[in-house]
Amino acid sequence: MNKFLITTADERTWPEQHYELIFLGEWCKIYSRKENWLKYKSHTLNYHWNNTDKFNKDFDYLKKLQKKLLLNVSNSLNELHRTNFSNKYWEILIGEFIMLVVQVIFDRWENIKNLEDKNIEINSIRLSYNDSSLVTNDLWELQLLSSTNDSWNSALYSMILDEFIKNKSIKLNQIDGAGKLTLPIYFNKSLTNIKHYILKFYQKIVGFFFNKNQPLIIDSYLNYFDDLFINLKYKRLPLFINLEKPINSGEYDVSYRNWKILFEPNNQFEEFLIKVIPVIMPKSYLEGFTKISLKAKSSNFPQNPKFIFTSNITSDELLKNYIASKIEKGSKLICGQHGGGYGLAKLSSHEDHDISISDRYLSWGWNDLVRKKIFPLGIIKKSYIKKKLNSNNLTLVLNANARYGNFLWSNVISSQWLLYFNDQCSFISKLNTNIKDNLFVKLYPTDYDWNQSNRLISFSKSIKFYPESVNLKKAFQNSKIFVSTHNSTTFLESIYFNIPTVIFWDIKISPLRDSVNSIFNDLEKVGIFHKSPESAAIHINKVWQNVDKWWGSPEVILVMSKFKDEYCKSDFSFKKLKEALSM
């Protein structure tokens, strides 16, 4: 029987039913479309990063490669744009792009490499595309398409397959005719309501009347009142991130794509990578670079700030451009932690990048003896909740990750989500019946076509869900016990609010760094942290009738106090914040 390779869930690239399919990974099989893929005789390849040792080794390799490429690409862009910016400037502007493109392409490359030892001849139907159809407006759009869009990934896989065929690594017959690659357009979706115009007018007034040399505190994650208060301390009013994002970076222009990266590749993957980077680099760094640079210069942000403090510059090209240009002139960049996993996960590409571009990095309490620029400030998203009396819900918060791997860290990636989901089912199945009756699941807000709710209902029709309108704080308020199932913000916040919390995840997939093993061993001893779903369920069964006795025990209080002091410190103050901002 002829075998067909299926690289994505784009069913236009699937053959007629009588063929045998090789699914490259679980991301190809959309649960809501299972009646389509179940019709075929098929085999699904194992995900290459299910091997933890391989992941650790690859992460180290890619981190070193990213550093080398950033230097070479920066030199190429200086030549292309006739500029002379420092490596620091380009790291702020394109560092995250380099990180994303290296990790995404390597992931797809290794998935195809899984075919090399199969020694079979296979067919593949591909979409019709050209180089311009892979180009995105900005990094935000590239991240979105690479992690969620079947057609974009199908085209990328075709490019990689061509490389393997050229090198005679696999026997493959690629057949055109699946249709044309067309991608959604995002850049024209900007705010146009009355709130937008009010904020835009406010931004102009504030920018006009206040000192151009004052520091800029923007998208800090402080609440509205704290943000206003700290700005007033510096004799100004708050400003907001770009209200017109995403900015249209203009039309594709092939003249911006003919440059080469002066880099000596060490293998076939690197050879392919340096060819493809100029092809898929977002237009915001090429065709739209001058436009965005001029827009940043004419913004109402301070012209010569002593420092810039932000906790999020990822998705705003104008803000990144502004920050890079001010750092070039001597301003200092202070970045704040914007989520969980930081300081805890064994490996984290985002944490490494954020700390690298910062002159000072404000953590939620953790420190690092090697990276001296980290300042343990505490959680700055200061807020309060009042837990409801007689709360009786067991709240289970789910995570969902993109079907296609993107930024790397020690957590569930791509099709590993199915292993994660099976753990959630194991947890639920071990709960006592009376506790199951009080179980409420809070789904991850973005589903990524994993069909979280339908899968759970198929497992147990009695499962109850929090409505989408119930945010995390409301879930905290209604929780007798709060269950967090991945290394993220959720359990840091529940512990911060003193909600009885149980944590579990697979430490083979989501390992912790050595520096936190001791405190997590302590959490495990008192029943807060568990390395298996079964252990977590058994503990909840044990303490359910008297949760306060467990959570209020001297042993738990002591461990919680120690953990809070390092990872969700609650002693945030303006005095300490001003100290952190003093450079």
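Which residue in β7 stands opposite leucine 216? The residue is isoleucine 308. The structure is a predicted model, in which local features need pLDDT of at least 70 and side-chain atom pairs count only at pLDDT 80 or more, while totals for chains, interfaces and linings use all residues. Residues are numbered from 1 along each chain as its sequence is written, and side-chain values use heavy atoms, with hydrogens and water left out.

**Strands**

Helices (H or I, at least four residues) and strands (E, at least two) are DSSP runs, numbered from the N terminus. Two strands pair if DSSP finds at least two bridges between them. An open sheet is formed by 5 strands in the order β6-β7-β8-β9-β10, with parallel pairing. Its edge strands, each pairing on one side only, are β6 (216-217) and β10. Between β6 and β7 (residues 307-310) there are 2 bridges in the parallel sense.

Strand β2 (residues 20-23) is joined to β1 (residues 3-6) by 4 bridges, in the parallel sense. Lysine 3 has glutamate 20 of β2 as its bridge partner. A further 4 bridges connect β2 with β3 (residues 41-44), again running parallel. Here phenylalanine 23 stands opposite threonine 44 of β3. In a regular strand the side chains alternate between the two faces of the sheet. Strand β2 is covered on both faces: Glu20 and Ile22 are buried on one side, and Leu21 and Phe23 on the other. Buried means under 20% relative accessible area, exposed over 50%, and partly exposed in between (1.4 Å probe, protein chains only).

**Helix pairs**

Axes are lines fitted to C-alpha atoms, for helices over the stretch in contact, and angles run from 0 to 180 degrees between N-to-C directions. Contact means heavy atoms within 4.5 Å.

| Pair | Axes come within | Crossing angle, roughly |
|---|---|---|
| α2 and α8 (residues 268-280) | 13 Å | 45 degrees |
| α3 and α10 (residues 317-328) | 9 Å | 165 degrees |

The angle makes α2 oblique to α8, whereas α3 and α10 are roughly antiparallel. Angles under 35 degrees count as roughly parallel, over 145 as roughly antiparallel, 65 to 115 as roughly perpendicular and the rest as oblique. The crossing of α2 with α8 is right-handed, and α3 also passes α10 in a right-handed crossing. A crossing is right-handed if the near helix is turned clockwise from the far one by less than a right angle, and left-handed if anticlockwise.

On the α3 side, the contact with α10 is made by Lys88, Tyr89, Ile92 and Leu93. Helix α10 contributes Lys320, Asn321, Ile323, Ala324, Ser325, Ile327 and Glu328. These residues divide into 6 nonpolar, 2 polar and 3 charged. Ala, Val, Leu, Ile, Met, Phe, Trp, Tyr, Cys and Pro count as nonpolar, Asp, Glu, Lys and Arg as charged, and the others, Gly among them, as polar.

**Buried elements**

Helix α11 (residues 349-357) is largely enclosed by the rest of the structure, because 7 of its 9 residues are buried. These are Ser349, His350, Glu351, His353, Asp354, Ile355 and Ile357. Their cover includes α2 (52-81), α3 (87-113), β8 (332-336), β9 (360-363) and β10 (374-376).

Valine 73 lies in helix α2 and is buried, with a relative accessible area of 0%. Not counting residues up to four places away in sequence, valine 73 touches Ile94, Ile98, Trp259, Ile261 and Met281. From valine 73 to phenylalanine 497 the separation is 424 residues in sequence and 45 Å in space, C-alpha to C-alpha.
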